[in-house]
Amino acid sequence: MKVPGTAAAALLLSATAIATNNLLTADKLEVDIKTEELQNVLWNLNKIATDNGGNRAFGEPGYKASLDFILERAQTRFHREMDTFVQPFNHTYDKTLEIKVTGPEGEDVFVVSPMYNPATPLPGGITARLADTPVDDQRGSGCFPDQWQGVDVTGKLALVKRGACAVAIKLTLAKEHGALGVILYNEEPGTAIAVPTLGAENIGLLVPAAIIPLEVGEGWKTRLAAGEDLTATLLVDAVSETRETWNIISETKQGDPNKVIMLGAHLDSVQQGPGINDDGSGTAALLEIMGSVKQYDGFSHKIRFAWWGAEESGLVGSLYYTSQLSENEADKIKYYFNYDMIGSPEPDGIGPQLLEEYLVSKGKPVTHGGFGTGSDFVGFVELGIPTAALHTGAGAPFDACYHQACDDLDNIHWEALTVNARAAARALANLANSLEGVPARQKTSLNRRTRRGVIQSFQKWAAVAEEASHGHTCSHKGKKQRV
Ligand SMILES: *[C@@H]1O[C@H](CO)[C@@H](O)[C@H](O)[C@H]1NC(C)=O
(Lines give C-alpha, C1' and ligand atoms only; values in the text may rest on other atoms or scores of the structure.)
Protein backbone atom coordinates (compact mmCIF):
# COMPACT_ATOMS: atom_id res chain seq x y z
CA MET A 1 0.00 0.00 0.00
CA LYS A 2 3.00 2.24 -0.24
CA VAL A 3 2.19 3.55 -3.61
CA PRO A 4 -1.27 4.94 -2.87
CA GLY A 5 0.07 6.24 0.43
CA THR A 6 2.79 8.16 -1.37
CA ALA A 7 0.28 9.44 -3.89
CA ALA A 8 -1.98 10.70 -1.13
CA ALA A 9 0.92 12.40 0.56
CA ALA A 10 1.97 13.92 -2.73
CA LEU A 11 -1.55 15.13 -3.40
CA LEU A 12 -1.74 16.70 0.02
CA LEU A 13 1.61 18.31 -0.57
CA SER A 14 0.62 19.75 -3.91
CA ALA A 15 -2.64 21.01 -2.43
CA THR A 16 -0.63 22.83 0.21
CA ALA A 17 1.72 24.00 -2.48
CA ILE A 18 -1.19 25.41 -4.51
CA ALA A 19 -2.50 27.24 -1.49
CA THR A 20 0.91 28.73 -0.80
CA ASN A 21 1.50 29.46 -4.46
CA ASN A 22 -1.68 31.40 -4.54
CA LEU A 23 -0.60 34.03 -2.06
CA LEU A 24 -0.89 37.52 -3.37
CA THR A 25 2.55 39.10 -3.74
CA ALA A 26 3.86 42.26 -5.34
CA ASP A 27 5.95 40.25 -7.80
CA LYS A 28 2.96 38.25 -9.01
CA LEU A 29 0.71 41.26 -9.49
CA GLU A 30 3.49 43.06 -11.35
CA VAL A 31 4.00 40.19 -13.79
CA ASP A 32 0.23 39.90 -14.37
CA ILE A 33 -0.05 43.48 -15.64
CA LYS A 34 0.48 43.32 -19.39
CA THR A 35 0.61 46.09 -21.96
CA GLU A 36 -1.59 44.11 -24.40
CA GLU A 37 -4.35 43.79 -21.80
CA LEU A 38 -4.22 47.49 -20.95
CA GLN A 39 -4.37 48.16 -24.68
CA ASN A 40 -7.38 45.91 -24.98
CA VAL A 41 -9.27 47.86 -22.27
CA LEU A 42 -8.41 51.21 -23.84
CA TRP A 43 -9.37 49.95 -27.28
CA ASN A 44 -12.77 49.04 -25.83
CA LEU A 45 -13.18 52.42 -24.13
CA ASN A 46 -12.20 54.18 -27.34
CA LYS A 47 -14.75 52.13 -29.27
CA ILE A 48 -17.42 52.95 -26.68
CA ALA A 49 -16.70 56.65 -27.25
CA THR A 50 -16.70 56.27 -31.04
CA ASP A 51 -20.02 54.42 -30.95
CA ASN A 52 -21.59 57.03 -28.63
CA GLY A 53 -20.96 60.43 -30.15
CA GLY A 54 -17.23 60.62 -29.39
CA ASN A 55 -17.19 60.78 -25.61
CA ARG A 56 -17.84 58.95 -22.34
CA ALA A 57 -19.01 62.01 -20.41
CA PHE A 58 -21.35 62.31 -17.43
CA GLY A 59 -24.97 62.27 -18.55
CA GLU A 60 -24.12 60.90 -22.00
CA PRO A 61 -24.71 57.36 -23.35
CA GLY A 62 -20.94 56.74 -23.55
CA TYR A 63 -20.73 56.92 -19.77
CA LYS A 64 -23.45 54.32 -19.31
CA ALA A 65 -21.69 52.05 -21.83
CA SER A 66 -18.41 52.50 -19.92
CA LEU A 67 -20.20 51.56 -16.72
CA ASP A 68 -21.61 48.41 -18.34
CA PHE A 69 -18.15 47.51 -19.61
CA ILE A 70 -16.69 47.59 -16.07
CA LEU A 71 -19.69 45.74 -14.64
CA GLU A 72 -19.35 42.98 -17.23
CA ARG A 73 -16.07 42.12 -15.51
CA ALA A 74 -16.60 43.15 -11.89
CA GLN A 75 -20.13 41.82 -11.56
CA THR A 76 -20.51 39.13 -14.20
CA ARG A 77 -17.12 37.53 -14.76
CA PHE A 78 -15.63 38.11 -11.30
CA HIS A 79 -18.74 37.64 -9.18
CA ARG A 80 -17.19 34.74 -7.27
CA GLU A 81 -14.33 36.86 -6.01
CA MET A 82 -15.76 40.38 -5.95
CA ASP A 83 -18.75 42.10 -4.32
CA THR A 84 -19.85 44.93 -6.55
CA PHE A 85 -22.37 47.68 -6.09
CA VAL A 86 -23.43 50.62 -8.17
CA GLN A 87 -23.89 53.86 -6.24
CA PRO A 88 -26.31 56.29 -7.91
CA PHE A 89 -26.17 60.05 -7.45
CA ASN A 90 -27.50 63.11 -9.22
CA HIS A 91 -25.71 66.09 -10.66
CA THR A 92 -26.36 69.01 -12.97
CA TYR A 93 -25.75 67.95 -16.53
CA ASP A 94 -24.88 70.75 -18.87
CA LYS A 95 -24.24 70.97 -22.56
CA THR A 96 -23.56 73.81 -24.94
CA LEU A 97 -25.82 73.02 -27.90
CA GLU A 98 -24.45 75.83 -30.05
CA ILE A 99 -21.80 78.50 -29.67
CA LYS A 100 -20.90 81.13 -32.22
CA VAL A 101 -18.69 84.20 -32.25
CA THR A 102 -19.04 86.54 -35.21
CA GLY A 103 -16.18 89.02 -35.60
CA PRO A 104 -16.22 92.70 -36.65
CA GLU A 105 -16.18 91.81 -40.38
CA GLY A 106 -19.05 89.34 -40.00
CA GLU A 107 -16.61 86.43 -40.00
CA ASP A 108 -17.16 83.23 -38.00
CA VAL A 109 -14.38 82.72 -35.47
CA PHE A 110 -13.11 79.38 -34.14
CA VAL A 111 -14.57 79.09 -30.66
CA VAL A 112 -14.72 76.77 -27.65
CA SER A 113 -17.41 76.83 -24.94
CA PRO A 114 -16.64 76.30 -21.25
CA MET A 115 -18.75 73.76 -19.32
CA TYR A 116 -21.76 75.30 -17.57
CA ASN A 117 -21.72 78.24 -19.97
CA PRO A 118 -24.97 80.23 -19.60
CA ALA A 119 -27.09 80.80 -22.69
CA THR A 120 -27.34 84.20 -24.38
CA PRO A 121 -30.71 85.53 -25.52
CA LEU A 122 -31.83 83.54 -28.58
CA PRO A 123 -31.98 83.41 -31.50
CA GLY A 124 -29.84 86.51 -32.02
CA GLY A 125 -27.24 86.22 -29.23
CA ILE A 126 -25.53 89.34 -27.91
CA THR A 127 -24.26 91.90 -30.40
CA ALA A 128 -22.18 94.58 -28.70
CA ARG A 129 -18.99 96.60 -28.87
CA LEU A 130 -15.80 94.84 -27.81
CA ALA A 131 -14.06 96.34 -24.77
CA ASP A 132 -10.40 95.51 -24.25
CA THR A 133 -9.10 94.69 -20.74
CA PRO A 134 -5.47 94.87 -19.58
CA VAL A 135 -3.21 91.82 -19.91
CA ASP A 136 -1.41 90.71 -16.76
CA ASP A 137 0.36 87.41 -17.37
CA GLN A 138 1.90 87.46 -13.89
CA ARG A 139 -1.24 87.71 -11.78
CA GLY A 140 -3.60 86.63 -14.52
CA SER A 141 -5.70 88.99 -16.62
CA GLY A 142 -9.01 90.08 -15.11
CA CYS A 143 -8.49 87.96 -12.01
CA PHE A 144 -8.59 90.77 -9.41
CA PRO A 145 -10.99 93.69 -8.86
CA ASP A 146 -8.20 96.30 -9.26
CA GLN A 147 -7.55 95.04 -12.78
CA TRP A 148 -11.08 96.11 -13.80
CA GLN A 149 -10.85 99.62 -12.37
CA GLY A 150 -11.04 102.34 -15.01
CA VAL A 151 -12.01 99.80 -17.69
CA ASP A 152 -15.41 100.51 -19.22
CA VAL A 153 -17.05 97.24 -20.14
CA THR A 154 -20.63 98.24 -19.31
CA GLY A 155 -23.04 96.99 -21.97
CA LYS A 156 -20.14 95.50 -23.94
CA LEU A 157 -18.42 92.21 -24.64
CA ALA A 158 -15.22 92.19 -22.57
CA LEU A 159 -12.10 90.90 -24.33
CA VAL A 160 -10.01 89.10 -21.67
CA LYS A 161 -6.90 86.95 -21.86
CA ARG A 162 -7.22 83.47 -20.38
CA GLY A 163 -4.97 82.09 -17.66
CA ALA A 164 -3.80 82.06 -14.02
CA CYS A 165 -7.20 82.09 -12.30
CA ALA A 166 -10.41 80.18 -12.86
CA VAL A 167 -12.48 81.40 -15.80
CA ALA A 168 -15.46 81.75 -13.43
CA ILE A 169 -13.55 84.44 -11.47
CA LYS A 170 -12.99 86.50 -14.63
CA LEU A 171 -16.65 86.15 -15.56
CA THR A 172 -17.81 87.15 -12.07
CA LEU A 173 -15.72 90.33 -12.18
CA ALA A 174 -16.80 91.09 -15.77
CA LYS A 175 -20.42 90.79 -14.74
CA GLU A 176 -19.89 93.00 -11.68
CA HIS A 177 -18.53 95.66 -14.00
CA GLY A 178 -21.52 95.49 -16.30
CA ALA A 179 -20.20 93.37 -19.19
CA LEU A 180 -22.87 91.50 -21.17
CA GLY A 181 -20.51 88.67 -21.99
CA VAL A 182 -16.83 87.76 -22.16
CA ILE A 183 -14.67 86.79 -25.12
CA LEU A 184 -11.63 85.05 -23.69
CA TYR A 185 -8.60 84.48 -25.87
CA ASN A 186 -6.41 81.51 -25.17
CA GLU A 187 -2.89 81.73 -23.72
CA GLU A 188 -1.33 79.44 -26.34
CA PRO A 189 -1.51 79.97 -30.09
CA GLY A 190 -3.56 77.64 -32.25
CA THR A 191 -6.92 75.94 -31.92
CA ALA A 192 -5.95 73.18 -29.46
CA ILE A 193 -7.94 74.80 -26.66
CA ALA A 194 -8.65 72.78 -23.48
CA VAL A 195 -12.20 73.23 -22.21
CA PRO A 196 -12.50 74.74 -18.73
CA THR A 197 -15.48 74.36 -16.41
CA LEU A 198 -17.32 77.26 -14.82
CA GLY A 199 -18.68 74.89 -12.15
CA ALA A 200 -22.27 73.80 -11.57
CA GLU A 201 -22.32 75.96 -8.42
CA ASN A 202 -22.08 79.08 -10.62
CA ILE A 203 -25.20 78.41 -12.67
CA GLY A 204 -27.22 81.61 -12.87
CA LEU A 205 -24.38 83.76 -11.51
CA LEU A 206 -22.21 84.44 -14.59
CA VAL A 207 -22.36 86.09 -18.00
CA PRO A 208 -21.96 83.95 -21.16
CA ALA A 209 -18.43 83.37 -22.43
CA ALA A 210 -16.50 82.03 -25.41
CA ILE A 211 -12.85 81.12 -25.83
CA ILE A 212 -11.19 82.10 -29.11
CA PRO A 213 -7.61 81.56 -30.35
CA LEU A 214 -4.81 83.81 -29.06
CA GLU A 215 -4.05 85.13 -32.57
CA VAL A 216 -7.62 86.38 -33.09
CA GLY A 217 -7.82 87.97 -29.64
CA GLU A 218 -4.49 89.76 -30.01
CA GLY A 219 -5.52 90.99 -33.45
CA TRP A 220 -8.67 92.60 -32.02
CA LYS A 221 -6.72 93.96 -29.06
CA THR A 222 -4.28 95.73 -31.41
CA ARG A 223 -7.12 97.28 -33.41
CA LEU A 224 -8.93 98.43 -30.26
CA ALA A 225 -5.68 99.97 -28.98
CA ALA A 226 -5.41 101.86 -32.29
CA GLY A 227 -8.82 103.40 -31.55
CA GLU A 228 -11.00 101.28 -33.82
CA ASP A 229 -14.57 100.61 -32.79
CA LEU A 230 -15.22 96.86 -33.07
CA THR A 231 -18.51 95.04 -32.73
CA ALA A 232 -18.93 91.28 -32.32
CA THR A 233 -21.73 88.81 -31.70
CA LEU A 234 -21.71 86.04 -29.09
CA LEU A 235 -24.35 83.35 -29.29
CA VAL A 236 -24.62 80.52 -26.75
CA ASP A 237 -27.43 78.00 -26.65
CA ALA A 238 -27.14 75.66 -23.67
CA VAL A 239 -29.18 73.21 -21.69
CA SER A 240 -28.78 72.14 -18.08
CA GLU A 241 -30.82 69.68 -16.08
CA THR A 242 -30.43 67.07 -13.34
CA ARG A 243 -29.25 63.68 -14.49
CA GLU A 244 -28.54 60.53 -12.57
CA THR A 245 -25.10 58.95 -12.78
CA TRP A 246 -23.16 56.24 -10.95
CA ASN A 247 -20.01 55.19 -9.14
CA ILE A 248 -18.96 51.54 -9.23
CA ILE A 249 -17.54 50.10 -6.02
CA SER A 250 -16.14 46.58 -6.21
CA GLU A 251 -14.31 44.85 -3.38
CA THR A 252 -12.72 41.48 -2.76
CA LYS A 253 -14.77 39.02 -0.75
CA GLN A 254 -11.51 38.12 0.96
CA GLY A 255 -9.70 40.24 3.47
CA ASP A 256 -10.53 41.93 6.75
CA PRO A 257 -13.56 44.20 6.20
CA ASN A 258 -12.26 46.49 8.94
CA LYS A 259 -9.02 47.12 7.06
CA VAL A 260 -9.65 48.23 3.51
CA ILE A 261 -7.11 49.32 0.90
CA MET A 262 -8.86 51.37 -1.74
CA LEU A 263 -7.94 52.31 -5.32
CA GLY A 264 -9.85 54.83 -7.41
CA ALA A 265 -9.93 56.15 -10.97
CA HIS A 266 -12.59 58.18 -12.73
CA LEU A 267 -14.64 56.53 -15.42
CA ASP A 268 -16.07 59.63 -17.11
CA SER A 269 -14.43 61.68 -19.87
CA VAL A 270 -15.04 65.30 -20.83
CA GLN A 271 -17.66 65.92 -23.52
CA GLN A 272 -14.96 66.89 -26.01
CA GLY A 273 -13.27 63.53 -26.42
CA PRO A 274 -12.95 59.83 -25.61
CA GLY A 275 -10.78 60.39 -22.50
CA ILE A 276 -8.30 57.61 -23.19
CA ASN A 277 -5.50 59.03 -21.05
CA ASP A 278 -7.95 61.03 -18.89
CA ASP A 279 -8.86 58.70 -17.34
CA GLY A 280 -9.06 55.56 -19.47
CA SER A 281 -5.48 54.96 -18.31
CA GLY A 282 -6.41 54.79 -14.60
CA THR A 283 -9.60 52.88 -15.38
CA ALA A 284 -7.65 50.25 -17.34
CA ALA A 285 -4.99 49.94 -14.64
CA LEU A 286 -7.63 49.27 -11.96
CA LEU A 287 -9.44 46.77 -14.14
CA GLU A 288 -6.27 44.82 -14.87
CA ILE A 289 -5.18 44.93 -11.23
CA MET A 290 -8.61 43.59 -10.25
CA GLY A 291 -8.27 40.78 -12.81
CA SER A 292 -4.94 39.87 -11.25
CA VAL A 293 -5.96 40.22 -7.58
CA LYS A 294 -8.97 37.92 -7.99
CA GLN A 295 -6.66 34.98 -8.77
CA TYR A 296 -4.96 35.09 -5.38
CA ASP A 297 -5.75 34.64 -1.76
CA GLY A 298 -4.18 34.86 1.65
CA PHE A 299 -4.09 38.66 1.72
CA SER A 300 -4.98 40.23 5.05
CA HIS A 301 -6.90 43.31 4.00
CA LYS A 302 -9.92 43.86 1.84
CA ILE A 303 -9.18 45.48 -1.52
CA ARG A 304 -11.77 47.93 -2.82
CA PHE A 305 -11.82 49.39 -6.34
CA ALA A 306 -13.78 52.51 -7.22
CA TRP A 307 -14.61 53.89 -10.64
CA TRP A 308 -15.90 57.40 -10.07
CA GLY A 309 -18.58 59.22 -12.04
CA ALA A 310 -18.77 62.93 -12.93
CA GLU A 311 -15.15 63.68 -11.96
CA GLU A 312 -14.85 66.12 -14.84
CA SER A 313 -17.87 68.05 -13.54
CA GLY A 314 -16.13 68.73 -10.21
CA LEU A 315 -15.03 65.43 -8.54
CA VAL A 316 -18.70 64.82 -7.91
CA GLY A 317 -18.77 61.02 -7.64
CA SER A 318 -15.87 60.67 -5.22
CA LEU A 319 -17.10 63.58 -3.09
CA TYR A 320 -20.52 61.98 -2.99
CA TYR A 321 -19.00 58.68 -1.88
CA THR A 322 -16.84 60.23 0.86
CA SER A 323 -19.68 62.47 2.03
CA GLN A 324 -21.86 59.37 2.52
CA LEU A 325 -19.29 57.48 4.61
CA SER A 326 -20.01 57.21 8.32
CA GLU A 327 -17.11 57.86 10.71
CA ASN A 328 -16.94 54.13 11.27
CA GLU A 329 -16.79 53.33 7.56
CA ALA A 330 -14.19 56.03 6.99
CA ASP A 331 -12.06 54.52 9.77
CA LYS A 332 -12.01 51.21 7.96
CA ILE A 333 -10.39 52.69 4.85
CA LYS A 334 -6.72 52.43 5.73
CA TYR A 335 -5.33 53.80 2.48
CA TYR A 336 -6.57 55.39 -0.73
CA PHE A 337 -4.65 55.43 -4.02
CA ASN A 338 -5.82 57.68 -6.84
CA TYR A 339 -4.90 56.96 -10.46
CA ASP A 340 -5.83 59.74 -12.85
CA MET A 341 -3.96 60.15 -16.15
CA ILE A 342 -1.10 57.70 -15.78
CA GLY A 343 -0.27 57.24 -19.46
CA SER A 344 0.61 60.74 -20.63
CA PRO A 345 2.85 60.81 -23.72
CA GLU A 346 5.52 62.80 -21.80
CA PRO A 347 5.21 61.43 -18.29
CA ASP A 348 6.16 63.26 -15.12
CA GLY A 349 5.26 61.16 -12.10
CA ILE A 350 4.04 62.20 -8.67
CA GLY A 351 3.87 59.59 -5.96
CA PRO A 352 5.12 58.59 -2.56
CA GLN A 353 7.49 55.91 -1.47
CA LEU A 354 5.82 52.68 -2.50
CA LEU A 355 5.10 53.89 -5.97
CA GLU A 356 8.35 55.78 -6.20
CA GLU A 357 10.69 52.91 -5.32
CA TYR A 358 9.44 50.85 -8.19
CA LEU A 359 9.35 53.70 -10.70
CA VAL A 360 12.89 54.73 -9.80
CA SER A 361 14.06 51.12 -10.11
CA LYS A 362 12.70 51.24 -13.67
CA GLY A 363 14.67 54.41 -14.39
CA LYS A 364 11.63 56.71 -14.40
CA PRO A 365 11.86 60.28 -13.19
CA VAL A 366 9.61 60.97 -10.20
CA THR A 367 8.70 64.37 -8.82
CA HIS A 368 6.61 65.17 -5.76
CA GLY A 369 3.72 67.54 -5.73
CA GLY A 370 1.05 68.71 -3.32
CA PHE A 371 -2.46 67.36 -3.61
CA GLY A 372 -4.29 70.46 -4.84
CA THR A 373 -7.89 69.98 -5.89
CA GLY A 374 -7.39 68.30 -9.24
CA SER A 375 -8.75 64.82 -8.75
CA ASP A 376 -10.74 62.30 -6.74
CA PHE A 377 -8.33 62.15 -3.78
CA VAL A 378 -9.83 65.38 -2.38
CA GLY A 379 -12.68 63.74 -0.44
CA PHE A 380 -10.29 61.18 1.07
CA VAL A 381 -7.69 63.78 2.06
CA GLU A 382 -10.49 65.74 3.72
CA LEU A 383 -11.47 62.67 5.72
CA GLY A 384 -7.86 62.39 6.89
CA ILE A 385 -7.40 59.01 5.19
CA PRO A 386 -3.77 58.36 4.15
CA THR A 387 -3.72 58.93 0.41
CA ALA A 388 -1.37 58.77 -2.56
CA ALA A 389 -1.90 59.81 -6.15
CA LEU A 390 0.00 59.06 -9.32
CA HIS A 391 -0.29 61.46 -12.21
CA THR A 392 1.84 61.75 -15.34
CA GLY A 393 0.90 65.30 -16.24
CA ALA A 394 -1.90 67.22 -17.96
CA GLY A 395 -1.60 69.82 -20.68
CA ALA A 396 1.42 70.60 -22.88
CA PRO A 397 4.16 69.40 -22.81
CA PHE A 398 2.97 66.33 -20.85
CA ASP A 399 -0.34 65.76 -22.57
CA ALA A 400 -1.07 68.18 -25.40
CA CYS A 401 -4.45 66.49 -25.98
CA TYR A 402 -5.72 67.17 -22.45
CA HIS A 403 -9.54 67.58 -22.53
CA GLN A 404 -9.69 67.36 -26.31
CA ALA A 405 -10.93 65.03 -29.02
CA CYS A 406 -7.36 63.82 -29.65
CA ASP A 407 -7.15 62.16 -26.20
CA ASP A 408 -7.41 58.83 -28.04
CA LEU A 409 -5.34 55.65 -28.41
CA ASP A 410 -2.49 57.67 -29.97
CA ASN A 411 -2.32 59.79 -26.82
CA ILE A 412 -0.94 56.99 -24.65
CA HIS A 413 2.67 56.27 -23.78
CA TRP A 414 2.26 52.50 -23.45
CA GLU A 415 5.44 51.93 -21.50
CA ALA A 416 4.59 54.69 -19.02
CA LEU A 417 1.10 53.27 -18.59
CA THR A 418 2.41 49.73 -18.05
CA VAL A 419 5.12 50.79 -15.57
CA ASN A 420 2.67 52.98 -13.63
CA ALA A 421 0.03 50.24 -13.52
CA ARG A 422 2.69 47.81 -12.25
CA ALA A 423 3.80 50.32 -9.62
CA ALA A 424 0.15 50.64 -8.55
CA ALA A 425 -0.20 46.84 -8.38
CA ARG A 426 2.96 46.45 -6.27
CA ALA A 427 1.98 49.23 -3.88
CA LEU A 428 -1.43 47.60 -3.46
CA ALA A 429 0.05 44.15 -2.82
CA ASN A 430 2.28 45.58 -0.10
CA LEU A 431 -0.57 47.25 1.73
CA ALA A 432 -2.98 44.37 1.20
CA ASN A 433 -0.57 42.22 3.18
CA SER A 434 0.74 44.69 5.74
CA LEU A 435 -0.10 48.14 7.05
CA GLU A 436 3.36 48.62 8.43
CA GLY A 437 4.43 52.24 8.04
CA VAL A 438 0.91 53.42 7.22
CA PRO A 439 -0.12 56.32 9.45
CA ALA A 440 -3.49 56.33 11.20
CA ARG A 441 -6.37 58.38 9.89
CA GLN A 442 -6.15 62.01 10.99
CA LYS A 443 -9.36 63.15 12.56
CA THR A 444 -9.14 66.88 13.02
CA SER A 445 -11.86 69.44 13.39
CA LEU A 446 -10.58 70.95 10.14
CA ASN A 447 -11.44 67.70 8.36
CA ARG A 448 -14.90 67.73 9.81
CA ARG A 449 -15.41 71.35 8.75
CA THR A 450 -14.39 70.71 5.15
CA ARG A 451 -16.52 67.58 5.18
CA ARG A 452 -19.53 69.65 6.19
CA GLY A 453 -18.56 72.00 3.36
CA VAL A 454 -18.67 69.12 0.89
CA ILE A 455 -22.10 68.05 2.09
CA GLN A 456 -23.28 71.65 1.77
CA SER A 457 -21.93 71.74 -1.81
CA PHE A 458 -24.20 68.82 -2.65
CA GLN A 459 -27.18 70.61 -1.18
CA LYS A 460 -26.26 73.72 -3.17
CA TRP A 461 -25.78 71.79 -6.40
CA ALA A 462 -29.13 70.09 -5.92
CA ALA A 463 -30.82 73.47 -5.40
CA VAL A 464 -29.11 75.01 -8.43
CA ALA A 465 -29.96 71.99 -10.55
CA GLU A 466 -33.57 72.24 -9.50
CA GLU A 467 -33.65 75.91 -10.51
CA ALA A 468 -31.79 75.27 -13.76
CA SER A 469 -34.15 72.50 -14.81
CA HIS A 470 -37.16 74.73 -14.19
CA GLY A 471 -35.60 77.60 -16.13
CA HIS A 472 -34.95 75.39 -19.09
CA THR A 473 -38.36 73.83 -19.19
CA CYS A 474 -39.55 77.28 -20.25
CA SER A 475 -36.75 78.49 -22.47
CA HIS A 476 -35.76 75.24 -24.17
CA LYS A 477 -38.98 73.49 -25.05
CA GLY A 478 -38.19 70.59 -27.33
CA LYS A 479 -34.45 71.16 -27.09
CA LYS A 480 -33.64 68.36 -24.68
CA GLN A 481 -34.25 65.74 -27.33
CA ARG A 482 -31.27 67.08 -29.27
CA VAL A 483 -28.84 66.30 -26.44
C1 LIG B 1 -32.11 61.73 -8.36
O2 LIG B 1 -33.17 62.57 -8.72
C3 LIG B 1 -34.39 61.86 -8.97
C4 LIG B 1 -35.42 62.84 -9.51
O5 LIG B 1 -35.45 64.01 -8.75
C6 LIG B 1 -34.83 61.17 -7.67
O7 LIG B 1 -36.00 60.41 -7.90
C8 LIG B 1 -33.71 60.25 -7.20
O9 LIG B 1 -34.05 59.68 -5.95
C10 LIG B 1 -32.40 61.00 -7.07
N11 LIG B 1 -31.34 60.06 -6.77
C12 LIG B 1 -30.50 60.23 -5.77
C13 LIG B 1 -29.48 59.18 -5.59
O14 LIG B 1 -30.53 61.21 -5.02
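I begin with the ligand, one oxygen atom of which is 2.3 Å from an N or O atom in the side chain of Asn90, where a polar contact is a pair of N or O atoms within 3.5 Å. Around the ligand are Pro88, Phe89 and Asn90, counting residues with a heavy atom within 4 Å of it. Of the 360 Å² of accessible area that the ligand has on its own, the protein covers 32%, by the Shrake-Rupley method with a 1.4 Å probe.

This is a predicted model, in which local features need pLDDT of at least 70, side-chain atom pairs count only at pLDDT 80 or more, and totals for chains, interfaces and linings use all residues. Residues are numbered from 1 along each chain as its sequence is written, and side-chain values use heavy atoms, with hydrogens and water left out.

The chain averages a pLDDT (the predictor's confidence in each residue, from 0 to 100) of 86, and 85% of the residues score at least 70.

Turning to the rings, Tyr336 and Phe380 form a stacked aromatic pair, 3.8 Å centre to centre with 5° between the planes; rings of Phe, Tyr and Trp (its six-membered ring) pair if their centres lie within 6.5 Å, and planes under 30 degrees apart count as stacked, over 60 as edge-to-face and the rest as tilted. Both Tyr336 and Phe380 are buried, that is, under 20% relative accessible area, with exposed over 50% and partly exposed in between (1.4 Å probe, protein chains only).

Note on methods: Polar contact = N/O pair within 3.5 Å; in protein donor to acceptor, adjacent residues only side chain to side chain.
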